[in-house]
Amino acid sequence: MLVLGVESSCDETGIALYHSENGLLAHVLHSQVAVHAEYGGVVPELASRDHIRFLLPLTEQALQQAGVSRGDIDAVAYTAGPGLIGALMSGAAVARSLAWALDIPAVEVHHMEGHLLAPMLEPESPAFPFIALLVSGGHTLLAKVEGVGRYELLGQSLDDAAGEAFDKTAKMLGLGYPGGPELARIAEQGDPRRFTFPRPMTDRPGLDFSFSGLKTFALNTSQQCRDDADWRQSVADIARAFEEAVVDTLAIKCKRALQQHHASRLVVAGGVGANRRLRQRLKQMTDELGGEVYYPRIEFCTDNGAMIAYAGYLRLQAGQTQPLDIDARARWPLDALSAIEI
Ligand code: KG4
Ligand code: ZN
């Protein structure tokens, strides 16, 4: 079965072709960084228009890369939510129309399920059950995963998502968009001993997170440094302290989740999963516990079409497709998904 995957939930247009026997045949991505950079964040209307511009050319590019033609596609999988509604509608409309024109089934995919299953595209793929840490721009959550669609929410952020906190703190420090990778880059030059930021909610039981206080802490610290002779160094030091605090907090909660649920496997997915320091820390923590941590390759941590093609393939294989209506959802709880056997 050859599945075309279409991702358009936010500021990246991703198209991929996944084959049931031969694996991933092609994946192409168009980033909208240049479109949104001058505004310092994603402008939803511009995002929708840009998706419309790139969806079909990228599909042609993916077909060429895979050496197949439109007629070879057996099904289309597309992100139906959660995300920016206009952006989702652009991808859904193209995906549904293609499926209709080619007279093949289409299946909607939950964006976070896509992220969560992305590590299964790697040669060393995690077996069920596992604990999943999903850390993206819109979500931070811990879930116990017993199978595809069998997700028990263990904890989540009560305010900003980790990626959102990275982005807002970066903006406040005058760093470029997208903030997360830029802040992480600057943090490399920072002195980890100069400032110590709090580890929010780690002294209480439970697996919820709160990251908005760290942003305020960073703001107050930056105001104290306003007259510093070497402002760039101060920014690097603040970035480093902020990154350490987020990474440490995530590691403490992941360790707690693994221990409370007697689990040994941790899966990390979503854009913040690309953070080098987070990857190192979680590897160290799971090594100490005698467990394992699994990540997608860096390019599949952030949004991409491959994870959507793959998650869609699993659901198609289980016999799921949807009627012709387009039902894109800005909000969609992960634990509302149906379970399937794979
Ligand atoms: O999963 P994703 O591509 O999109 C959403 O579904 O939200 O995640 C994007 C988020 C952004 O907030 C971005 O700043 C963050 O992931 N991010 C990072 C890094 N790379 C991306 N945060 C910290 N360090 C990174 N290296
Ligand atoms: Zn995402």
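**Entry 1: ligand 1**

I began with Gly180, where a polar backbone atom is 3.1 Å from an oxygen atom of ligand 1. I counted this as a polar contact, a pair of N or O atoms within 3.5 Å; within protein, one must be able to donate a hydrogen and the other to accept it, and residues adjacent in sequence count only if both atoms are side-chain atoms. The model is predicted, so local features need pLDDT of at least 70 and side-chain atom pairs pLDDT 80 or more, while totals for chains, interfaces and linings use all residues. Residues are numbered from 1 along each chain as written, chains are lettered from A and ligands numbered from 1 in the order written, and side-chain values use heavy atoms, without hydrogens and water.

I then looked up Gly137, which has a backbone N or O atom 2.8 Å from an oxygen atom of ligand 1. From His111, a polar side-chain atom lies 3.1 Å from an oxygen atom of ligand 1. On its own, ligand 1 has 550 Å² of accessible area, and the protein covers 87% of it. I noted that such areas come from the Shrake-Rupley method with a 1.4 Å probe, and that for residues only the protein chains shown count as cover.

**Entry 2: the shell around ligand 1**

How many residues surround ligand 1? I recorded 19, and the closest are His115, Gly137, Asp167, Gly271 and Asn275. A residue is near a molecule or strand if one of its heavy atoms lies within 4 Å of it.

Helices (H or I, at least four residues) and strands (E, at least two) are DSSP runs, numbered from the N terminus.

**Entry 3: the zinc ion**

I next examined ligand 2, a zinc ion coordinated by His111 (NE2), His115 (NE2) and Asp303 (OD) at 2.0 to 2.1 Å. Donors are N, O and S atoms within 2.8 Å of the metal (3.2 Å for Na, K and Ca); water is not among the atoms, so sites may look incomplete. Along the chain, the donors of the zinc ion follow the spacing H-x3-H-x187-D.

Both His111 and His115 lie in helix H4, four residues apart, about one turn of the helix. Are they buried or exposed? His111 counts as buried because its relative accessibility is 6%; His115, at 0%, is buried as well. My cut-offs were under 20% relative accessible area for buried, over 50% for exposed and partly exposed in between (1.4 Å probe, protein chains only).

**Entry 4: another histidine**

I found His51 in helix H2 (residues 44–66). His51 counts as buried, with 0% relative accessibility. The side chain of His51 reaches the backbone oxygen of Ser8 at 3.4 Å.

**Entry 5: the backbone**

I looked up two cis peptide bonds. One joins Gly81 and Pro82, with omega about -15°; Pro82 lies in the loop between strand S4 (75–81) and helix H3 (85–102). Another joins Phe128 and Pro129, with omega about -5°, and Pro129 lies in the loop between H4 and strand S6 (130–135).

Next I noted positive phi angles. Asp103 is not a glycine, yet its phi is about 55°. Asp103 sits in the loop between H3 and strand S5 (106–110) and counts as exposed at 70% relative accessibility. For His262, also a residue other than glycine, phi is near 50°. His262 belongs to the loop between helix H8 (231–260) and strand S9 (265–269), and at 75% relative accessibility it counts as exposed.

**Entry 6: two separations**

Finally, I recorded Pro205, in the loop between H6 and helix H7 (212–224). Pro205 counts as exposed at 79% relative accessibility. Its C-alpha atom is separated by 35 Å from that of Val42, 163 residues apart along the chain.

Ala132 lies in strand S6 and is buried, at 1% relative accessible area. From C-alpha to C-alpha, Ala132 and Leu102 are 36 Å apart in space and 30 residues apart in sequence.
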